[in-house]
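Subject: Structure for your review

Dear colleague,

Please find below the structure that I am handing over to you. My notes on it follow directly after the sequence and the model.

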Amino acid sequence: MTALCPTCGRPLTSDSGVCAFCSLEVPASVSPPADATATVAAAPFVSYPFSFTGQGGTFFRVYAENLLLILVTLGIYYFWAKAKVRRYVYSQIEVAGDRFAFHGTGWELLRGWTKAVVLIVAAISAVALTELAAGPDAARIVQSLLTLFFGIVVAPIAIVGSRRYRLSRTSWRGIRFRFDGRVSPLARQLFNDSFVTTVTLGIYYPYLLNNLRQFIVTQSAYGNVRFEYDGKGGTLLRIYFFGLLFGILTLGIYYFWFSAARQRFYWSHTSFAGARFVSRATGGGLFRLMLGNVGLFIVTLGLAWPWIRVRNLRYLASVLSLEGNLDLTAVIQQIQAAGAAGEGLADMIDLGLLDVDLGA
Amino acid sequence: MWTSGPESDLSATAIRWDGWYYDGRGATRHSALIVITPTALEVLPDQLPPLRWPYDDVRQTQGFYPGEHVRFEHGSTSEAVVVPDRKFLAALSALAPEAARRFHDPRRRSGRLWFSVAAAILAVVIGFVLYQWGVQALATMLASAIPASWEERVGDAGLQELAPPSRVCTESETVTAIAQLSSTILAAAPGFPYTSKIVVVREDQFNALALPGARIVIYGDLLGKAETPDELAAVLAHELQHARERHSTEAALRAASVSALIGLVAGGDGAVRGLLTAASTLDQLRYSRRQEEAADRGAVAMLQRARIDARGMLRFLARAREQESNGATAVPRYLSTHPPTAERIEQLRAVIEPQRYAPTELMTAEEWAKVRTACAVRR
């Protein structure tokens, strides 16, 4: 259905006479040819690589200023600092000629954090008060109940809330992302999957992760267009099985190859608007990245931290691309309202499950 | 690395700039000409009607750092323009100086650079001062503000864990003898803030420890290896001194404020947090060693005021040293919570010898024999 831009060779996604990727005007002569079937057969397979262009020096300045302001304000500035870092990082990630933008503010993050603190302080004081009023045995029961409550109810709230906050504050080409996932289906899913994982002595764990990934990806949208996911738990189980086996045989060094395989698996089963994500991360690449990072960190006594973050982001972006016949003509803006309480919660209870972002 | 090539030429004052316009409704990027006028930005997108955005309705959201595109958003809509060239900002301040105050001016960059460098140095200095002195000062201040009854309650909770009733020795001779011994010591230490609680646990460990609120645990093996009541008195005095100086309360507060400080510095970064925590844990051991020395000195003073034979302390430490040399590995100094025993003996010898008083007899040999063996570890 589309013709190619004569300048960059990418598909023309609109009839505006302007290529959406290189922004050059398309001469009328190459407007869609009459024979539609011919163009379908030659459906262009275009690769849109991601890139991260941030500089360690600039990042260092952002960090230094933030650190000073955080110490001087006894921590209150932390939230503004976090928003500032995210704004900078997002503005340096590019795909198909456009950069991302982060729209969150320090105020939002502070409010979200405060709500999370109230919840956690309430939980801790419930245990402490029970201990004072009814002794340590009752306190232990209350503590177990609260742990259960946090695992079953609060963790899904944090996952959904933090995705909703982050995505609704992220835009590309002026269109916001959104997250439509709801807490109760996720809570049910996690509860069932955790149960099966326990019963199968952990063998089901990769399925749990795959289901969680499926939930997160398919509930994410760019404007009104959802992302798609078709990863299978069995494939991930194989990756985990070999990861464990070779991990033991190589005294853990295989971890990098495992991690790369998992990254490739997740991305290659994620697609959007006719195009599929591809990650070319390799174990060797991750291993070299880590060696360099550790070396830098030790030699500079940690001062090279901003450069290390830049190296990580640059690698992550450099191996990632979106490939296929990306069609953005159907995308319509749909802005979502969301607070940052979930973000604050996820921050505080430190969910290892959320490490799926690119530079978030 | 802080000034890239094009940044150095900030004198450009072009009126028209190439950029992109996003309408905030669809994901199409429109090439646009952005024109600077004195009161408004004019946006001329290809194939779309021209737009006029008064500066008051425009906010800058990107373009504060080298390498960033300049991004302006319009009002409460999702419309935006992006100009890749940051010299656009300089042109804006030259051509519309009043309006441009709302936006970032990269010509102030060199000043900002000094600010960044100063910020980095100052942050390191403040962080160091807070860590080196602030943490201890705060812990001392808070520890002295905490009521003794709170500490006792915390200590009781600790006792529940460390000395569950099933393992506590309840032989009445030992319990009474130890209670008497501690009241003899404390009689000479007026103003001791806590009602002490001392328990012997039937466990095969050569150790004793003080929880907050003068909750003291003595392990059965240590009791069995003390050869005279003076040695037991020395151990008790040492632990009571820890309690009196609120050492464990301070240590807990110090740990809390160190982790808060690390939280400030590391933010949400798990790796940095882990490394700093590991480093500070090692470093904090110096406080622990200092506390041991303080407890040793205070204990000797306490024993001397109570006219108990303080040489028991030396004898007991010598025995502890034997225990160490029987043990498998010697812990390097910087990894240890205690100063080397030989050093402790050396430092105390000068204070203890010569003894200028006739020490009181604490109990008869028969009484002592019962006390020592009654709580022996059952094997």
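**A:R226 and its surroundings**

A:R226 belongs to strand β7 of chain A, which covers residues 225-226. Leaving out residues up to four places away in sequence, A:R226 touches A:D180, A:T218, A:Q219, A:S220, A:A221 and A:F272. A:I248 is 22 residues away from A:R226 along the chain, and the C-alpha atoms of the two are separated by 39 Å.

**Chain A as a whole**

Chain A has 11 helices and 11 strands. It consists of 360 residues, of which 51% count as buried. If one takes the contacts in chain A between residues at least 6 apart in sequence, 70% of them join residues at least 24 apart.

The mean pLDDT of chain A is 82, with 83% of its residues reaching 70 or more. Where pLDDT is low, the predicted coordinates should not be read in detail.

One further residue of chain A may interest you. A:L74 is found in the loop between α2 (56-72) and α3 (78-91) of chain A. Its phi angle is near 50 degrees, which is a positive value in a residue other than glycine. A:L74 counts as exposed, because its relative accessibility is 68% and the exposed class begins over 50%.

**Chain B as a whole**

Chain B has 13 helices and 10 strands. Its radius of gyration is 35 Å, whereas the globule rule gives 21 Å for 379 residues; the value for chain B is well over that figure, so the chain is more spread out than a compact globule. Along the principal axes, the C-alpha atoms of chain B fill a box of roughly 105 × 40 × 40 Å.

Of the 379 residues in chain B, 48% are buried. Among the contacts in chain B between residues at least 6 apart in sequence, 62% join residues at least 24 apart. The accessible surface of chain B is about 18,400 Å², and 59% of it belongs to carbon and sulfur atoms. Chain B carries 42 positive and 43 negative side chains, and the centres of these two sets lie 2 Å apart.

The average pLDDT of chain B is 83, and 91% of the residues score at least 70. Where in chain B is confidence lowest, and where is it highest? The lowest mean, 44, is that of helix α1 (residues 5-8) of chain B, and the highest, 93, is that of strand β7 (residues 80-83) of chain B. Over residues 1-11 of chain B the pLDDT stays under 50, and the model has 19 contacts beyond four places in sequence for this stretch.

**Two arginines in chain B**

B:R307 lies in the loop between α10 (270-305) and α11 (311-326) of chain B. Its phi angle is near 55 degrees, a positive value in a residue other than glycine. With 45% relative accessibility, B:R307 counts as partly exposed.

B:R319 lies in helix α11 of chain B. Is B:R319 buried or exposed? At 16% relative accessibility, B:R319 counts as buried, because the limit for that class is under 20%. Apart from neighbours within four places in sequence, B:R319 is in contact with B:K225, B:E227 and B:E231. B:R319 and B:K225 are 94 residues apart in sequence, but their C-alpha atoms are 8.1 Å apart in space.

**The complex**

For the complex, the predictor gives an ipTM of 0.73 and a pTM of 0.71.

Yours sincerely,

A colleague

How values were computed:
Residues are numbered from 1 along each chain as its sequence is written. Chains are lettered from A and ligands numbered from 1 in the order in which they are written. This is a predicted model: local features need pLDDT of at least 70, side-chain atom pairs count only at pLDDT 80 or more; totals for chains, interfaces and linings use all residues. Side-chain values use heavy atoms; hydrogens and water are left out. Helices (H or I, at least four residues) and strands (E, at least two) are DSSP runs, numbered from the N terminus. The radius of gyration is taken over C-alpha atoms; the globule rule is 2.2 Å times the number of residues to the power 0.38. Buried means under 20% relative accessible area, exposed over 50%, partly exposed in between (1.4 Å probe, protein chains only). Contact means heavy atoms within 4.5 Å. Accessible areas come from the Shrake-Rupley method with a 1.4 Å probe; for residues, only the protein chains shown count as cover. Lys and Arg count as positive and Asp and Glu as negative; His and the chain ends are not counted. The place of a charge is taken as NZ of Lys, CZ of Arg, CG of Asp or CD of Glu. pLDDT is the predictor's confidence in each residue, from 0 to 100.
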